[in-house]
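Hi everyone, thanks for making time for this. Please have a look at the picture first.

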Amino acid sequence: TLRIHDRRIVGKRDGATVIVPAGDILYFESVDRHTFAYTASNVLEVPFSIADLAQRLEGSAFVYAAKGCLINLCRVASLRPYVGGRLLALLDNGEEVVVSRKYAKDIKQRLDV
């Protein structure tokens, strides 16, 4: 967890370049070949693919929640079963992210659930 706060993510918001500590990011999502970082109050477009981010953040609390989504496990408030073997992750800002069946088992193991 400490390593995650040493890392910084550079992104763009409203035409300005913004630097955010990785620990402030709730999740990353890829939409139409663009990757976005979501914090509690902002959305940044980042210049990396989800695969690049997963590699850069290896060994931190970020894990795949779906093919195009990395979630910060430090910001997960709760998990509950969802349709089709998936999970619904409630983040500490109240937002919900669906965890695909493929990654649900890994997330449960990482959280010791």
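Let's start at Gly85, which is placed in the loop between β8 (76-81) and β9 (87-91). A quick word on those names: helices (H or I, at least four residues) and strands (E, at least two) are DSSP runs, numbered from the N terminus.

Before I go on, two notes on where things come from. Residues are numbered from 1 along each chain as its sequence is written, and side-chain values use heavy atoms, with hydrogens and water left out. This is a predicted model, where local features need pLDDT of at least 70 and side-chain atom pairs count only at pLDDT 80 or more, while totals for chains, interfaces and linings use all residues.

Back to the glycine. Is Gly85 buried, exposed or partly exposed? Buried means under 20% relative accessible area, exposed over 50%, and partly exposed in between, with a 1.4 Å probe and protein chains only. Gly85 has 47% relative accessibility, so it counts as partly exposed.

Which residues does Gly85 touch, if we skip those up to four places away in sequence? They are Arg101 and Ala104, where contact means heavy atoms within 4.5 Å. Gly85 also lies 20 residues from Lys105 along the chain, and their C-alpha atoms are separated by 9.6 Å.

Now for another loop. Glu95 sits between β9 and β10 (96-99). Its relative accessible area is 27%, so Glu95 is partly exposed. Leaving out residues up to four places away in sequence, Glu95 touches Tyr27, Ala89 and Leu90. From Glu95 to Cys74 we count 21 residues in sequence, and 14 Å in space from C-alpha to C-alpha.

Arg33 is not a glycine either, and it has a positive phi of about 65 degrees. As for the surface, Asp32 counts as exposed because its relative accessibility is 68%, and Arg33 counts as exposed at 84%.

Let's move to a strand. Cys69 lies in strand β7 (residues 69-72). With 7% relative accessibility, Cys69 counts as buried. Not counting residues up to four places away in sequence, Cys69 touches Tyr27, Phe28, Glu29, Ile50, Val63, Tyr64 and Val97. Val31 is 38 residues from Cys69 along the chain, and the two C-alpha atoms are 9.4 Å apart.

Two of the names on that contact list, Phe28 and Tyr64, bring us to the rings. Rings of Phe, Tyr and Trp (its six-membered ring) pair if their centres lie within 6.5 Å; planes under 30 degrees apart count as stacked, over 60 as edge-to-face and the rest as tilted. How many aromatic pairs does this rule give? The count comes to three. One of them is the tilted pair of Phe28 and Phe62, with 5.3 Å centre to centre and 50 degrees between the planes. Phe28 is in strand β3 (residues 25-31) and Phe62 in strand β6 (residues 62-66), so this pair links distant parts of the chain, 34 residues apart. Phe28 counts as buried at 0% relative accessibility, and Phe62 counts as buried at 7%.

Another pair is Tyr64 with Tyr103: the ring centres are 5.4 Å apart and the planes are at 20 degrees, so the pair is stacked. Since Tyr64 lies in strand β6 and Tyr103 in helix α3 (residues 101-110), the pair ties together parts that are 39 residues apart in sequence. Tyr64 counts as partly exposed at 25% relative accessibility, whereas Tyr103 counts as buried at 17%.

Finally, let's step back to the whole chain. It has three helices and 10 strands, and from the N terminus on the order is α-β-β-β-β-β-α-β-β-β-β-β-α. Of the 113 residues in the protein chain, 37% are buried. The C-alpha atoms fill a box of roughly 40 × 30 × 25 Å, taken along the principal axes. Among contacts between residues at least 6 apart in sequence, 39% join residues at least 24 apart.
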